[in-house]
Structures are given as C-alpha cells and as structure tokens.
Amino acid sequence: MKISKYLLPTQKEVPSDAEIISSQLMLRAGMIRKLASGLYTWLPLGFKVLKKVEAIVCKHMNASGALQVLMPSVQPAELWKETKRWDDFGDELLRIKDRHKRQFVVGPTHEEVITNIIRDEIQSYKQLPINLYQVQNKFRDERRPRFGVMRCREFLMKDAYSFHTSNECLNETYLNMRDTYINIFDEIGVDYRIVEADSGAIGGSKSEEFHVLANSGEDQLAICDSNNYAVNIEKAEAHAVTNGSENQEQQPLKAFHTPDIKTIEQLTTTFNIDIKNTVKTLIVKAKEHSKHKFIALVIRGDHQLNELKAAKLDCVNSKLRFATSEEISNELGTYAGYLGPVHCSIPIIVDHSVANMRNFYAGANSDSYHFKGINWGRDCHHTEVADLRNAVEGDRIVGSEDTIKITRGIEVGHIFQLGTKYSESMKANVINNNGKATPLSMGCYGIGVSRIVASVIEQNYDSKGIIWPKSIAPFQVVILAIKYKSEKVKQQADQIYQKLLDANIEVLFDDRNISPGIKFAEAELIGVPHCIVISDRNLENNEIEYKNRANSENNCKLKTDLVFDFIINLTKN
C-alpha cells in the first residue's frame, strides 16, 4: 500500500484528552478517531490490526471445535426479563424501544440469546456438547468511559457459549477453552497471567480472567510466580497481620478534641499517630428484613475495604450500598467523619487484622471527638470477625510461607462455568440418556478483541511510538523512499515494493515527496517491524539501509541484490 493513496492521519502532538499511552499512540498513529464519549471509529491502520487479532482468535476457536455464529446486537427485553437481568444488570444496560413501543436492549453480552437458540434447536443429549461463538460489537453504557478503546461503550468482543448435560462435560470444555486462550495469547505475544476471579453480573461458579500485565491496568492482581499463584485482588484472601499491639497492657480509654478532623489521614498527620494503630468504620446497608437497617464494618486505617467480600457477608445487602451522611445521622446519631466502634448501636463486623488490636484510635461517635486507648471487650464488642480487606504487597499466601506482590493487569479474556443459571430460568432442557428432561450446564468464554489491541501497545512502545509484535503488525515492512522524485531511488523502491507484494508480504510504501525526518518519525510512530530506507547516498554504494523497529542493534546496510531475500527470511520465519 502506497501512503500517498492511504488514509494515515498521524498527529505530532499528544491529544489532551488521551489519558494512557495506548490511547495517545492510537490517536497519534491515525488508528482511531473519537466520535463521542466512549465511541470510536477504527481507521484503516487500526482496522488492519483489529482484524489480525480477530483472525488469530477465530483460528484457535475453530481449532478447538467451536462453531461460529452471528447473533443480533439488538435483543428483545422479554429474554432479559426471563433471567431477571433486565433489572439486575444495572445502568450499563442500554434499553431502547422500537416504533411499536416494544422494549429491547443493545446487547452487552448474549447469554439470553444463545440460550434461547439452544432451547429451540437442541432436544436430545446426543446433540451435545456444543460450543458456539461469535465476534461482534457489544455496547455497555459505561458511567465514565475512559482510556480510549480500553474502557469504551462500544467494543468488539468474541463471546462463546457451551452447553452440556453434566458438570463433568462442562469442565472438559472449560479446560479446552482455557488451553485455547493460552494458545491465542501466546501467538499474539503478550506477557499475561491467568487469575482466579469473581463472576460478577454474568454469574456462575468457577471463573478465571486473562490479564495482560501493564502499569495502566485498572485491575490489581495478587501474584507469586514461585508459587504459581495469581488472583484478582477482589478474590485474594487477606489474613490477620499484626500491628505490634497485641501484647500491650490496656491503656485507659480517653476522648480527645479533633475539630475538622474527619479522615484517617488528617488524624494521623495532625496528631503524629501511626496509621496502623487506627481503625476506620464504614456503615453499609443490611440485608432486607434484618433486625438492623445497617451494619458497621471495621478495618485497619491503612487497609482498604474489599467491597466484593463485604457484599458476600450473610448480614449485608448483596448490592453493597454505603449509608449516606443523613442516614448515619438519623440512625446512629453521629457524623460520618467521627464514626467508631465505641457506643455503636448496630452490629459490628471487624477484619481479622483488627480483631486483636489493642489501644487503638477511632472516631468517638461524637462531633469533633476521637477516642484513643480503645480495647475490644472492655470498650466495645464485635459480632463477627471476617476477611474484609484487600490483600497488600507482602501478605502471606494461604498455606505457604511465600508472599504476594501486587501488580496491575488489563483484563482481555474471561472464562466462566455458569452451571444451570440461565438454562433453569429460561427452561432450556434436554432429554438425557435416562429419558428425563434435565437443565443444561453452560459455559461462557469472552475475549475483548479491541481491548487486546490497546493492551499490546501498553506493553510494546518507546518514546518514538508503537512497536508491534509480528503477529498483529498492520504491515510487516515499510519502505522509505528518500527523495522519491530521484529516478534512481524511484526505480529501486518501485522494484522492491512490487517484489514484496508479489511475495504476499504486507508492505507500506512511503512514496511521498516530503522531508526524510517526517518519514522516519511516522514510520517509528506506527511501529512497523521492518524498515527499508532507499536513498541516493546509499545507492551510490549499491546499498540499502535496514532498520529494525524493536532492536536497533539489528540495523545494517545490505547490498541491493540481497535485500529481497533478507526481508523474505525475516518475515516468513
């Protein structure tokens, strides 16, 4: 492809609204353009990369035995009401009406649609197992779209769904999909981890995520390579850690005046207190029809509440909601900035690391006052001890002396064992080998195709631009013809370009009569792996310059008659 005939609107300056490197480089390299918040047009260069990722995904999905389909992106509301996700999915579900006032959704996922297909088309266990997949745009009405295509509202996704008559059969397909995903991400060439995860709104039991490791990742991962341990931070168990106060003699309980001190940070800074000797009290809504409307959760001052763990507590509302300032005032007679376990009138659940603390600091449940010298049993009581906090760097792994490190990841794949969640609610049954109707067990397997493009860039770039791995590079070779109007340069460049095209090499030919500096800068920005530089100066010595985008140590000059074979060898191996 000649650049003079190609839409490649590169930008020199970093866009002001691009927050992370992949977003910046995709915009600068002319891969995408923003249409509206969370909505992007994929321009020719970006679309080539997107389709290459899709091709790798489909190749391995087909090899796994999965069958490709294409389902409508607009789905009738009745299906979502059958599974009760019409209400449960939340505001991310874009609800629309047609001209007849019938309700539909723009599909964020397709469990309902595929289950509807299976209940209509599959009657016997002899037709199972079956695994169907599609590659299609999804829409989720994100509250705050950000990070370019990383967290946008419309995105390209591969979603697969398998159906089985037993959990044993489901597990076989699940493991097959797990291996398939490994093959996909190995071929793309990214550094990734498979982590245990929560199933979220999709539902089900076993669930694992595939994360590309990157500092810009939204998810925190707890990993230990020596232990082969990797879990999403939301699932990482956090055991009791000491603050050194367990064996101290109890000090007297004392209130002290703390006007305008409403946060742990303000308290510790103003009064020179070790944050590990403080606790913070969080008030959340209790489960419906409970004796108390609210529950107090207490964690150490330097720890963060794990909301997923909190929502799974028996006495807490599964849709975790924190009490408002007004509710705290009305129900507890105190203020949000001065909450504490002493004189607390509602049940208190404490984290493992809080249960053994002595002589600690907390709010006094009185305006402008905190307590010091608080001790459990004497001054206040907890009703339950639980794992409430996020794991932190250095926490010990359960049953091991090894410790975890916290890193960040970009979720690019997620596999689930859904069980009968959807088949039961939608009455998707088959006749089993005993002649009885049985609900189908189901698996779900997603890959964010468009997100992979951004995540690869997050791992492969330098100060000059993108460095594409060979597997998904938009072009394998870029030819820079310096002063293309020179007859000698034009002749040699045209000849090599045509030979590479005839050899089915994807080549981008910069045939523009512009400055060499711009040509070099744009070639490095868009990240093509191999670069051929043709100039009068080098041709005087019967040479052509070769530049490797990933490793400048491989740069060299070649005799003109050796260039073609050299490039063929690089691109075919």
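## Reading the model

Two strands count as paired if DSSP finds at least two bridges between them. Helices (H or I, at least four residues) and strands (E, at least two) are DSSP runs, numbered from the N terminus. What you see here is a predicted model, in which local features need pLDDT of at least 70, side-chain atom pairs count only at pLDDT 80 or more, and totals for chains, interfaces and linings use all residues. Residues are numbered from 1 along each chain as its sequence is written, and side-chain values use heavy atoms, with hydrogens and water left out.

Let's begin with an open sheet of 5 strands, which has the order 27-26-28-29-30 and mixed pairing. Strand 27 (507-510) and strand 30 (556-559) stand at the edges with a single partner strand each, so one side of each has no neighbour in the sheet. From one strand to the next, the twist averages 25°; angles run from 0 to 180 degrees between N-to-C directions, and axes are lines fitted to C-alpha atoms, for helices over the stretch in contact. Inside this sheet, strand 26 (residues 477-481) pairs with strand 28 (residues 530-534) in the parallel sense over 5 bridges. You can find Ala-481 opposite Ile-534 of strand 28.

Two helices join the picture. Helix 14 (residues 516-526) packs on the sheet and touches strand 26, strand 27, strand 28 and strand 29, where contact means heavy atoms within 4.5 Å. The direction of helix 14 makes about 175° with that of strand 26. Helix 13 (residues 487-502) lies across strand 26, strand 27, strand 28 and strand 29 (543-548), and runs at about 165° to strand 26.

## Helix 16 and its buried side

Which residues of helix 16 (residues 563-572) are buried? They include Val-563, Ile-567, Ile-568 and Thr-571; buried means under 20% relative accessible area, exposed over 50%, and partly exposed in between (1.4 Å probe, protein chains only). These residues cover an arc of only 130° around the axis, which puts them on the same side of helix 16. The arc is that of the directions from the helix axis to the C-beta atoms. Here is a handy rule: an α-helix has 3.6 residues a turn, so residues three or four places apart point the same way. The buried residues of helix 16 pack against strand 26, helix 13, strand 28, strand 29 and strand 30.

## Strand 20 and its partners

Now turn to strand 20 (residues 405-419), where 11 of the 15 residues are buried, so this strand is largely enclosed by the rest of the structure. Strand 10 (residues 207-213) runs antiparallel to strand 20 and is joined to it by 7 bridges.

How are helix 2 (residues 44-63) and helix 6 placed? They pack at an angle of about 145°, with their axes 9 Å apart. On the helix 2 side, the residues that meet helix 6 include Val-53, Ile-56 and Val-57, and among those on the helix 6 side are Met-177, Tyr-181 and Ile-184.

## Some loops worth a look

The peptide bond from Leu-128 to Pro-129 is cis, with omega near 0°. Pro-129 lies in the loop between helix 5 (111-121) and strand 7 (130-139). Thr-165 is 36 residues away from Pro-129 in sequence, but their C-alpha atoms are 7.5 Å apart in space. Thr-165 sits in the loop between strand 8 (154-164) and helix 6 (167-188), and is partly exposed, with a relative accessible area of 34%. Leaving aside residues up to four places away in sequence, Thr-165 touches Tyr-125, Leu-128, Val-430 and Leu-440.

Asp-260 lies between strand 13 (254-257) and helix 7 (264-271) and is exposed, with a relative accessible area of 63%. Asn-542 belongs to the loop between helix 15 (536-539) and strand 29 and is partly exposed at 39%.
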